Amino acid sequence: MLRTKEIPKNIGDYLRHENGKVFWTKNVSRRIKIGDEAGTINKSTGYRVVIFKGQSYYTHRLLWFLTKNEQPPKEIDHINNDRLDNRIENLRGVTRNQNQHNTKTPKNNTSGIKGVGLHKPSNKWVARLTLNKKYIHIGCFTDKKEAEQAIKKAREEIHKDFANNG
């Protein structure tokens, strides 16, 4: 993961933004032409990254800077969870905790429902979520659908605008 660093004030001389993308306005190397979309997709993180004067910057952080004319906050959330959708209306400054609430269902989830898992000894569905790095137990249910409804309701109440059901 890239370290959060200050974006150079003159970067707007080299890049322009349009509909969530950044484009070169000056030739910075032989391989880059004016008008080319800046950056490449980092295969390990899924974010588009732009290299400028030997430093790497996430495109969403550059767009924040270019749009708002201010250094981006430490954490920026992609509201719709699409790391390549860098339209400014899809970005919001958040705390680390809020950013963690707005995540997709983990790939290793076996129930298919974020926050719900089967407790094998009791054969019951357990619903839980996190808040401030602590688990909150929502309940145990014999029916998976009940667990799903309970976790969604709790997430809406506790995580509010950052609730993401998967």
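Now the ground rules. This is a predicted model, in which local features need pLDDT of at least 70 and side-chain atom pairs count only at pLDDT 80 or more, while totals for chains, interfaces and linings use all residues. Residues are numbered from 1 along each chain as its sequence is written, and side-chain values use heavy atoms, with hydrogens and water left out.

Back to the pocket. The search uses a 1 Å grid over the protein atoms alone; a pocket is an open set of points with protein on both sides within 12 Å along at least five of seven lines, and lining residues have an atom within 4 Å of a point. Grid points are joined across faces, edges and corners, and the volume is the space filled by probe spheres set on the points. The second largest pocket holds about 500 Å³ of space. Its lining has 21 residues, with Pro106, Lys114, Gly115, Val116 and Arg128 nearest the centre.

Which elements supply at least two residues each of that lining? They are α2 (96–101), β8 (116–119), β9 (124–131) and α3 (144–159). Helices here are DSSP runs of H or I with at least four residues, strands are runs of E with at least two, and both are numbered from the N terminus.

Two strands pair if DSSP finds at least two bridges between them. β9 pairs with β10 (residues 134–141) in the antiparallel sense, over 7 bridges. Within it, Thr130 stands opposite Tyr135 in β10. The hairpin has 2 residues between the strands. Asn132, in the loop between β9 and β10, has a positive phi of about 55 degrees although it is not a glycine. Is Asn132 buried or exposed? It is exposed, with a relative accessible area of 52%; the scale is buried under 20%, exposed over 50% and partly exposed in between, with a 1.4 Å probe and protein chains only.

Next, the open sheet. It has 3 strands in the order β3-β4-β5, with antiparallel pairing. β3 and β5 are at the edges with a single partner strand each, so one side of each has no neighbour in the sheet. Between β3 and β4 there are 2 bridges, and Ile41 stands opposite Arg48 in β4. Between β4 and β5 there are 4 bridges, and Phe52 has Gln55 in β5 as its bridge partner. This hairpin also has 2 residues between its strands, and Lys53 takes a positive phi near 50 degrees there.

The structure holds 2 aromatic pairs. Why is the pair of Tyr47 and Tyr58 called tilted? The ring centres are 5.0 Å apart and the planes are at 55 degrees, so the pair is tilted. Rings of Phe, Tyr and Trp (its six-membered ring) pair if their centres lie within 6.5 Å; planes under 30 degrees apart are stacked, over 60 edge-to-face, and the rest tilted. Tyr47 sits in the loop between β3 (40–41) and β4 (48–52) and Tyr58 in strand β5 (residues 55–58), 11 residues apart. Both are buried.

Last, the end of α3. Glu157 lies in this helix and is partly exposed, at 48% relative accessible area. Lys160 comes in the segment after α3; it is exposed, at 54%, and has a positive phi of about 50 degrees although it is not a glycine.

Note on methods:
On a 1 Å grid over the protein atoms alone, a cavity is a set of points where a 1.4 Å probe fits but cannot get out, and a pocket is an open set with protein on both sides within 12 Å along at least five of seven lines; lining residues have an atom within 4 Å of a point.
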